[in-house]
Each structure stands twice: as structure tokens, then as C-alpha cells.
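Here are my notes on this model, written as numbered points. Have the sequence and the 3D view open while you read, and look up each residue as it comes by.

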Amino acid sequence: MKKRNTVLVLGITSILILISVQVYIISGIWKQKNEMFALRYTVLSREALNFMSRRMSTDGFDTVRFLLRKYSEQAVKELHETKDKDELVARKKDILEHFNLYINHEQDLSGMLSAYFSRRGFEKNFNYSIVINSLEIISNDTIAVYRSEDYVNRRSPDRAGRPSPPEVYRSKILVNWFPWEDNNYRLVFDYFIDFSNQQKMILKEMAASLGMSTLSILLIWIMFMITYRNLKEEKRLSNLKTDFINNMTHELKTPLSTITVAGKTLEMVQIRNNDAKILETAKLIGKQSVHLNQLINMILEISMWERTQFQLEKRTVEIEELMNDVVDSFKSGNGNGASINQKYNFSGAKIDLDVVYFTTLLNNLLSNAVKYSDKEPVIDIEGFIQDNNVCIKVADNGIGINKIDQKHIFDKFYRASTGNIHKFKGLGLGLYYVKKIAEAHGGDVTVNSKPGKGSIFTITIPY
Ligand code: ADP
């Protein structure tokens with residue numbers, strides 16, 4: 001138990017460590033892929049801007065510049081005419097909005113970039129954002145219309161003299177920083193792009209490595225579960241074997257001690273002159289020797305089955321006749337005190353069977369029905385043909401079997417917990433034998449039982 005728990009804890013811990021390592025590696029790759037993605041589109045956009053300025057002599061804002069030149073002349077006038085402080089604030093806001101509108105709606109950069117990306121075989125659908133950092137209207141004096149706080153407080157310029165982008169735009173790709181100066185205004189703005197399906201695209205790129213990593217964790221989990229199960233099964237088998245040795249010793253000892261006592265009895269002087277007593281004791285020795293022999297044969301046979309296949313010696317028999325014979329001889333032997341009812345509907349069916357094995361099968365079921373009973377045993381045997389099968393049901397009014405034991409009673413050496421306290425003697429081989437014999441005939445055995453209510457064993461053999 002302790003060993004099993006250690007294996008369980010160690011196994012689960014190592015799998016958890018493995019999963020954390022995988023998550024750490026994957027998240028690292030994810031971050032790297034995102035950076036690579038941004039880098040790829042930054043380089044591409046720079047190329048596109050170069051291409052545009054070399055080949056088309058434009059930066060994609062020609063119309064905007066034209067419109068802003070006109071508008072800024074009017075803005076200068078408006079600002080100079082406005083004296084009231086509140087009105088001035090409102091006017092500045094209005095000017096900023098106009099500038100915003102013009103650069104957002106009249107620019108051609110987005111279309112040009114999209115065409116360039118598409119031509120180079122990259123994703124062409126992106127969102128753009130233009131962020132005005134500072135706007136000043138200039139005539140005789142300079143009037144600051146707007147300065148983003150971020151622009152004022154920030155920003156260590158990079159090597160190209162471009163200030164680093166504001167925090168909220170860090171996840172987006174900065175295509176360019178535009179510092180413009182015209183007769184009537186000074187404007188600084190950033191142009192960003194981002195892809196709504198960026199995560200999807202990266203996920204697609206990573207699909208193989210993600211799949212492999214999930215698969216490897218899954219395989220390791222399955223391997224661990226198999227190993228753990230084997231360990232549990234090994235433990236169960238070793239327990240069963242120990243139980244079997246205890247039970248076998250007990251089973252063998254009973255006839256052996258009877259024989260020993262009988263031998264001692266025969267040595268006694270008063271017995272030697274009593275012919276009837278001698279005969280009785282000799283019969284007892286004979287009976288116990290047969291029992292002992294049966295037990296040993298059973299164990300030998302089981303060990304032989306492990307090595308070789310079942311060798312059936314089949315012959316065609318009338319099933320009803322065979323059933324009657326077996327039940328009759330059981331009644332006069334082990335089943336002496338039991339009341340046994342038989343109901344057959346075989347319609348004279350004949351079937352190929354190994355009579356010896358089949359008799360053992362039936363005897364095992366009948367003797368269990370008597371053995372596992374805490375009252376006067378009543379056994380109902382039913383036989384009929386169904387779906388090309390010979391079906392035989394053996395029902396008893398015994399102690400019954402709980403659901404958990406029902407799963408194992410056909411296993412070798414298995415005894416239900418009630419059987420292990422030596423109230424009911426046995427080796428846990430009877431039903432294993434029954435199943436093996438039924439299977440060797442191409443059939444099967446099933447059980448239906450409720451504790452305290454009795455059990456029904458059903459044998460089916462192809463007809
Ligand atoms: P054994 O009788 O030697 O223990 P078996 O293989 O015949 O071995 O039976 C396995 C277990 O199934 C028994 O220990 C017993 O608990 C249970 N069992 C078998 N037949 C019956 C029955 N008719 N009623 C109740 N329990 C049964």
C-alpha cells in the first residue's frame with residue numbers, strides 16, 4: 001500500500017512538473033512568436049514606406065497635407081479671433097477633431113500598405129490607429145492646441161530620434177512616427193497597425209508543437225496509469241495467492257487430519273476386535289483419501305491449463321438426459337439435504353459436449369449453491385434453447401454475492417470476503433473452472449445475484 005502510494009505521488013508530481021515545464025516552454029515560444037510577428041510586419045512596413053517614397057514619391061498622406069494646409073489657415077484666423085477663455089478651449093478641441101478626421105479619413109497609407117503586404121504574400125487585413133501626439137497652430141506666435149501627456153512626459157527617443165510609443169499602443173505595431181511642420185501648424189502623430197487574427201495566425205504556426213507536447217503528456221499519463229494499474233493488479237494477485245495458500249492448507253489439512261485420527265483409531269486394541277468399527281474407519285479413510293485426491297487433481301489440472309490448451313473429448317449427448325444424470329448423482333452425494341427442482345424445455349436437443357468437464361461444471365455450480373447457503377438449500381434448475389444456445393440456469397436461495405465480488409468471482413483463486421473466513425471452505429477455483437469449461441465449449445457463464453436473496457448462474461453453450 002505504502003509502495004503504491006509512493007509511486008502514485010511520485011508519478012503525479014513528475015507529471016505535474018512536466019506539464020509546468022511544457023507550459024513554461026510553450027508560453028516562451030508564444031511570446032517569442034508574437035515578437036517575431038511584430039518584427040516581421042515592422043520590417044515589411046518600413047520596406048513598404050521606402051518603396052512608396054522611392055517609386056511613388058508619397059508617404060500616403062498627400063491629400064491630408066493638402067487639406068490640412070487649407071484648414072490650418074482658417075484655424076489660425078479662428079484662434080486669433082477668439083478671446084474668451086472657455087470659447088478658446090472649445091475652439092481648440094474642434095480644431096483637434098478636424099485634424100483627427102482628416103488624417104484618419106483622407107490618408108492612403110492603409111490601402112497602400114495593404115496592397116504591398118498582399119503582393120508580398122502576407123496577411124493584408126489589419127486595423128490601423130493614428131495617435132496625435134502634439135498639435136500646434138503657428139502664425140505670429142505658436143498656440144499649442146494639443147499635447148498628449150504621454151508625449152510631454154515621455155519618452156526617450158530611439159536612435160532615429162523617434163519617441164517610444166505610448167504604453168497602450170505597445171501591443172500594436174508602430175509603422176511610422178510622423179513629425180510634420182507646415183506654414184500654419186506643427187503636427188506629430190504615430191501610425192500603428194494590428195491584426196485581429198494575430199493570435200489565430202500564431203496558434204496555427206504553433207499547432208504542430210502544441211499538438212506534440214499535448215500528445216507527449218497524454219502518452220506519459222497513459223503509460224503512468226498502465227504502470228500503476230499493473231502494480232495494483234500485481235498486488236491483488238499476490239494477495240489472492242496468499243489467500244489461496246492459506247485456503248489450500250486448510251482444505252488439505254481437514255481430510256489429512258481425519259485420516260491420521262482414523263489410523264490412530266485402527267491401532268487401538270478395542271477396535272481391532274470390532275469388525276464393524278474397522279469397516280467404518282476404513283471407509284472413512286477411503287472417502288477422505290478420495291477427497292484429498294480430488295483436491296490434488298484439481299490443483300494439478302489448473303496448473304496444467306496454464307501451460308496447455310483445454311483438450312475436450314466431445315461426444316453427442318441428449319442434454320436433458322445428461323442433466324438428469326448429473327443432478328441425480330449430486331442429490332445422492334453432496335446435495336443430500338437440498339431440495340432441487342428441475343424444469344427443462346430442451347425438446348430432445350442433442351449437443352456436442354465433453355461429458356466429464358460438463359459434469360464438473362454443473363457439480364461446481366450445484367455444490368456452491370448448497371455451500372453458500374445459510375438456510376435449507378432450495379435449488380431451481382432451468383434449461384431451454386434460446387437463440388441457438390443451450391441455456392442452463394442454476395438459482396439458489398443462498399447468501400448471495402455483492403456487486404463488487406460479482407466482478408471477480410470467476411477469477412482464479414478469488415474468494416468473496418465471506419468465503420475467506422473459513423466458515424465456507426474452498427480454494428477460489430470452482431467458478432474459475434466453470435468459466436474455463438464454458439468458454440472451451442464456445443459458451444459463457446454469467447451471474448445475477450443480490451446479497452441475502454440468492455444467486456442465479458446462467459450457462460450458455462452454442463447449440
Ligand atoms: P470457492 O467456493 O472455492 O471459494 P468458487 O470459485 O467456487 O470458489 O467461488 C468463488 C466465490 O464466489 C466464493 O468464495 C463465494 O464467495 C462466491 N460464490 C460462488 N458461488 C456462490 C453462490 N451460489 N452463492 C453465493 N456466493 C457464491
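1. Let's start with Glu136, which is buried, with a relative accessible area of 7%. Here buried means under 20% relative accessible area, exposed means over 50%, and partly exposed is in between, with a 1.4 Å probe and protein chains only. Before going on, keep in mind that this is a predicted model, where local features need pLDDT of at least 70 and side-chain atom pairs count only at pLDDT 80 or more, while totals for chains, interfaces and linings use all residues. Residues are numbered from 1 along each chain as its sequence is written, and side-chain values use heavy atoms, with hydrogens and water left out.

2. What does Glu136 pair with? The side chains of Glu136 and Arg186 meet in a salt bridge, at 2.8 Å from N to O. A salt bridge here is a side-chain nitrogen of Lys or Arg within 4 Å of a carboxyl oxygen of Asp or Glu. Arg186 sits in strand 4 (residues 185-194) and Glu136 in strand 1 (residues 127-138), so this pair ties together parts that are 50 residues apart in sequence. Helices (H or I, at least four residues) and strands (E, at least two) are DSSP runs, numbered from the N terminus.

3. As background, side chains of opposite charge can pair when their charged atoms come close. Searching the whole structure turns up 16 salt bridges.

4. Another one to click on is Glu205 with Arg40, where the closest N and O atoms are 3.8 Å apart. Glu205 is in helix 6 and Arg40 in helix 1, so to speak distant parts of the chain, 165 residues apart. Both partners are partly exposed: Glu205 has a relative accessible area of 39%, and Arg40 has 27%.

5. Asp411 lies in the loop between helix 11 (403-408) and helix 12 (417-420), so the pair ties together parts that are 175 residues apart in sequence. Arg236 counts as partly exposed at 23% relative accessibility, and Asp411 is partly exposed too, at 24%.

6. Now for the nonpolar surface patch, which covers about 960 Å² and includes Ile12, Leu16, Trp221 and Met225. Patches are made of residues with over 30% relative accessible area and no salt bridge; like charges are joined within 9 Å, and nonpolar side chains (Val, Leu, Ile, Met, Phe, Trp, Tyr) within 5 Å. Helix 1 (2-56) and helix 6 (198-267) each supply at least two residues, and the largest share, seven residues, comes from helix 6. Leu219 is one of the patch residues; its place is in helix 6, and it is partly exposed, at 48%.

7. Which residues come nearest to the ligand? Of the 20 residues around it, the answer is Asn368, Tyr372, Arg415, Leu427 and Leu431. Being near means that one of a residue's heavy atoms lies within 4 Å. The shell divides into 11 nonpolar, six polar and three charged residues. For that count, Ala, Val, Leu, Ile, Met, Phe, Trp, Tyr, Cys and Pro are nonpolar, Asp, Glu, Lys and Arg are charged, and the others, Gly among them, are polar. Helix 10 gives the most to the shell, with three residues.

8. A backbone N or O atom of Gly428 lies 2.8 Å from an oxygen atom of the ligand, and for Ala416 the distance is 3.2 Å. The protein covers 98% of the 520 Å² of accessible area that the ligand has on its own; such areas come from the Shrake-Rupley method with a 1.4 Å probe, and for residues only the protein chains shown count as cover.

9. Finally, check two loop residues. Ser57, in the loop between helix 1 and helix 2 (62-81), has a positive phi near 50 degrees without being a glycine, and Ser57 is exposed, at 60%. Asn388 also has a positive phi, of about 60 degrees, and counts as exposed at 59% relative accessibility.

Key
Polar contact = N/O pair within 3.5 Å; in protein donor to acceptor, adjacent residues only side chain to side chain.
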